[in-house]
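Please walk me through this structure.

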Amino acid sequence: MQSYFIPIKYAFISFPFIAFLFLIPFAIYQYRKHGYINKFRVFILYSFLLFLITSYYLVILPLPDTRDIISIQKPGTKHTQLTPFNFIFDILRETKVDFKNPLTYLNILKERAFLQAAFNGILLLPMGVYLRYYFKKNLKQTLLMTFLFSLFFELTQLTGLYGIYNAPYRIFDIDDLMLNTFGGYIGYLIAPIFTFFLPDTSKLDDNINLKEFKVSYFRRIIAFSIDWFIITTFINKNNILSEAIWIFIYFILVPYITNGKTFGKWLLRIQIKGTYEKLTFKEIFTRYAILYYGVFGTNEIMSKAIQLNIGYTYYYYIYFIIVIASLVLNVLLFVHLTLSIIKKDRLFYEKISKTRISIIE
């Protein structure tokens, strides 16, 4: 059993890192499809991800110490087992159970061949539960998807972890395909037992009014990061005028034409709203002139001032003054941002411009 606990331990250790890699794509998908992120849906999908990682690790771990598998295997080693129900003969051949004596039947629960077959039978059982409960798949779809997932495992083993090893270090076994698929079937059948007290996933978004949701700063940061990545492909960082022009075009002119949407905001299903249904040029210009030309512009001008005064007689005095001024400005901005997040209030440039971020329904 120890050989099963080690892959599970590694799965739990690596899960946070893998989950983080999926965080942004997952969030974008949820915002695009549902307009918000449902916490229960997050729990279900991330638990499904943990199951996938764990099952995969159970199949590939432990890894061999060398990539040269051929050198440590006996000549003529078979890498495939294509006889159906061979696991039954393995159990009968290895068992010490006396079938005439019922008192010995429980001993089979400790035997290698039986435990291996049982393990393969329950490995993808949770998949059948997930496919029926959350993904709403019927029996045929569940069996097909479980079979294909099991086939992926077996091909992973047959290819020596996709060519990393020069020969398979585990056997491609037709029985594993059968038992894994059977496990998915059992999971499908017993899913109602596990999900009886859980909410109906098809009704998670019922009675949800997106107008009542406040746009989170996490959502805004993702949208801003996408927009800033796009615009930096055009900006010449050595030319302040070029930067100012592109900021005007992308963050002021485009949102004015599209009524508050940039690509990043559109992707995250949010937009800038003003006093009226149609965003005015004054509102969008005031908002981003303060943010980009004011806040960001001031920081950039101070940075340029330091560079331009290198070698000047009073350079260190100028450097000290600019650094202190920059530090004070950014600390004040940080405090303001923190308080706004805590109070769930609008930022100062939003209040001045009388604009806000809202969800696109």
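Phe152 has a relative accessibility of 35%, so this residue counts as partly exposed. Buried means under 20% relative accessible area, exposed means over 50%, and partly exposed lies in between, with a 1.4 Å probe and protein chains only. Tyr162, at 46% relative accessibility, also counts as partly exposed. This is a predicted model: local features need pLDDT of at least 70, side-chain atom pairs count only at pLDDT 80 or more, and totals for chains, interfaces and linings use all residues. Residues are numbered from 1 along each chain as its sequence is written, and side-chain values use heavy atoms, with hydrogens and water left out.

Turn to the aromatic pairs. The structure holds 32 of them. Rings of Phe, Tyr and Trp (its six-membered ring) pair if their centres lie within 6.5 Å; planes under 30 degrees apart are stacked, over 60 edge-to-face, and the rest tilted. Take Phe15 and Tyr46. Their ring centres are 6.2 Å apart and their planes stand at 85 degrees, so this pair is edge-to-face. Phe15 belongs to helix H1 and Tyr46 to helix H2, so the pair ties together parts 31 residues apart in sequence. Helices (H or I, at least four residues) and strands (E, at least two) are DSSP runs, numbered from the N terminus. Phe15 and Tyr46 are both buried.

Phe152 and Tyr162 make another pair. The ring centres of Phe152 and Tyr162 lie 6.4 Å apart with planes at 25 degrees, so they are stacked. This pair links distant parts of the chain: Phe152 is in helix H6, and Tyr162 is in the loop between H6 and strand S2 (172-173), ten residues apart.

Elsewhere, aromatic residues gather in a group. One aromatic cluster is formed by Phe224, Trp228, Tyr250, Phe251, Tyr288, Tyr292 and Phe296. Charges meet rings too. The charged end of Arg132 sits over the ring of Tyr188, 4.5 Å from its centre. Lys278 lies over the face of Tyr256, 5.4 Å from the ring centre. The criterion is NZ of Lys or CZ of Arg within 6 Å of the ring centre and within 35 degrees of the ring normal.

Now the cores. A nonpolar core is a set of buried Ala, Val, Leu, Ile, Met, Phe, Trp, Tyr and Cys residues joined through side-chain atoms within 4.5 Å. The largest has 33 residues; Phe15, Ile60, Leu123, Leu124 and Phe153 have the most contacts inside it. Helix H1 (2-34), helix H2 (39-60), helix H5 (125-133) and helix H6 (139-158) each give two or more residues to this core. H2 gives the most, with 13 residues. Apart from this core lies another, of 29 residues, among them Tyr36, Ile272, Tyr292 and Leu347.

Which residues does Leu123 touch, not counting residues up to four places away in sequence? They are Phe51, Ser55, Leu58, Val59, Phe153 and Asn180. Contact means heavy atoms within 4.5 Å.

Arg287 is found in helix H11 (residues 281-308). At 1% relative accessibility, Arg287 counts as buried. Leaving aside neighbours within four places in sequence, Arg287 is in contact with Arg220, Ile272, Tyr349, Glu350, Ser353, Thr355, Arg356 and Ile357.

Step back to the whole chain. The protein chain has 13 helices and four strands. Its C-alpha trace spans about 95 × 55 × 35 Å along the principal axes. The radius of gyration is 30 Å, whereas a compact globule of 361 residues would have one near 21 Å. That radius is taken over C-alpha atoms, and the globule rule is 2.2 Å times the number of residues to the power 0.38. Buried residues make up 39% of the 361 residues. Of the contacts with a separation of 6 or more, 72% come from residues 24 or more positions apart.

Finally, the backbone. The peptide bond from Leu61 to Pro62 is cis, with omega near 0 degrees. Pro62 is in the loop between H2 and strand S1 (80-81). Phe85 is not a glycine, yet has a positive phi of about 60 degrees. Phe85 lies in the loop between S1 and helix H3 (86-94). Asn259, not a glycine either, also has a positive phi of about 60 degrees. Asn259 is found in the loop between helix H9 (240-257) and helix H10 (263-267). At 18% relative accessibility, Asn259 counts as buried, whereas Phe85, at 44%, counts as partly exposed.
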